[in-house]
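Here's a quick briefing to read alongside the model. Have the viewer open and follow along by topic.

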Amino acid sequence: MKSLKVSTRQRAEFVDITSQVQEVISRAGMKQGICQVYVPHTTAGVTINENADPDVVRDMIATLEKLVPQSGSYRHAEGNSDAHIKASMMGFSVTVPVEQGRLALGTWQGIYFCEFDGPRGRQVTVTLIPAA
Ligand code: ZN
């Protein structure tokens, strides 16, 4: 298990962490298996989506904001209920197959850390499970 650090600069921001995750696999020398990426936070998540056109990520953030606005009739006193909800919508882990030492992602896929209550210093945990 390896911890990565992610620094976010905005309240809501998707950070492409694909190359950092690939680096963990390359350093470990794992050729085939499963890579799990886990986010140990309650107001940030992780997802996989298109990394070719940055407008896709912008549209996702804008749509999440429309669905779950920052201010609303929430009870949670911390004032960041929208961030908790959006984080659960994205989820807290993704698993990706590893083939020939590389993340076996689709051509247009990237792994995104999803910040919803930044800017902050965050952590991402990468666990590698080699194929038997
Ligand atoms: Zn909270």
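How are the donor residues of the zinc ion spaced in sequence? The pattern is H-x1-E-x1-N-x3-H. Bear in mind that this is a predicted model. Beyond the metal site, the points below cover an aromatic cluster, a loop residue, a lysine in a helix and a sheet.

**Zinc site**

- The protein donors of the zinc ion are H76 through NE2, E78 through OE, N80 through OD1 and H84 through NE2. They sit 1.8 to 2.2 Å from the ion.
- Angles among the 4 donor atoms run from 91 to 148 degrees, so the arrangement comes out as irregular. The cut-off that matters here is that four donors count as tetrahedral if all angles lie between 85 and 135 degrees.
- For reference, the ideal angle for four tetrahedral donors is 109.5 degrees.
- H76 is partly exposed, with 36% relative accessibility, whereas N80 is buried at 3%.

**Aromatic cluster**

- Searching the whole structure turns up 2 aromatic pairs. In one of them, the ring centres of F14 and Y112 are 6.2 Å apart and the planes make 40 degrees, so that pair is tilted.
- F14 belongs to strand β2 (residues 13-16) and Y112 to strand β7 (residues 109-115), so to speak bridging distant parts of the chain, 98 residues apart. Both F14 and Y112 are buried.
- F14 also pairs with F116, this time edge-to-face, with 6.1 Å centre to centre and 85 degrees between the planes.
- F116 is buried, as is F14.
- Put together, ring pairs tie F14, Y112 and F116 into a cluster.

**A12, in a loop**

- A12 is found in the loop between β1 (2-7) and β2. With 27% relative accessibility, A12 counts as partly exposed.
- Setting aside neighbours within four places in sequence, A12 is in contact with I61, E115 and F116; F116 is also part of the aromatic cluster.
- The C-alpha atoms of A12 and C114 are 7.5 Å apart, although the two residues are separated by 102 residues along the chain.

**K86, in helix α3**

- Buried or exposed: which is K86? K86 is buried, its relative accessible area being 2%. The residue lies in helix α3 (residues 81-90).
- The side chain of K86 has a polar contact of 2.9 Å with the side chain of D82. A polar atom of the K86 side chain also lies 3.1 Å from the backbone oxygen of V68.
- Neighbours within four places in sequence aside, K86 is in contact with L64, E65, V68 and F116.

**The sheet**

- An open sheet is built from 5 strands in the order β1-β8-β3-β5-β6, with antiparallel pairing.
- The edges are taken by β1 and β6 (102-103); each has a single partner strand, so one side of each has no neighbour in the sheet.
- Strand β3 (residues 33-38) runs antiparallel to β8 and is joined to it by 6 bridges. Which residue in β8 is the bridge partner of V37? The partner is V126.

Conventions: Residues are numbered from 1 along each chain as its sequence is written. This is a predicted model: local features need pLDDT of at least 70, side-chain atom pairs count only at pLDDT 80 or more; totals for chains, interfaces and linings use all residues. Side-chain values use heavy atoms; hydrogens and water are left out. Rings of Phe, Tyr and Trp (its six-membered ring) pair if their centres lie within 6.5 Å; planes under 30 degrees apart count as stacked, over 60 as edge-to-face and the rest as tilted. Helices (H or I, at least four residues) and strands (E, at least two) are DSSP runs, numbered from the N terminus. Buried means under 20% relative accessible area, exposed over 50%, partly exposed in between (1.4 Å probe, protein chains only). Donors are N, O and S atoms within 2.8 Å of the metal (3.2 Å for Na, K and Ca); water is not among the atoms, so sites may look incomplete. Four donors count as tetrahedral if all angles lie between 85 and 135 degrees; four count as square planar and six as octahedral if opposite donors are over 155 degrees apart and all others between 65 and 115; anything else is irregular. Contact means heavy atoms within 4.5 Å. Two strands pair if DSSP finds at least two bridges between them. A polar contact is a pair of N or O atoms within 3.5 Å; within protein, one must be able to donate a hydrogen and the other to accept it, and residues adjacent in sequence count only if both atoms are side-chain atoms.
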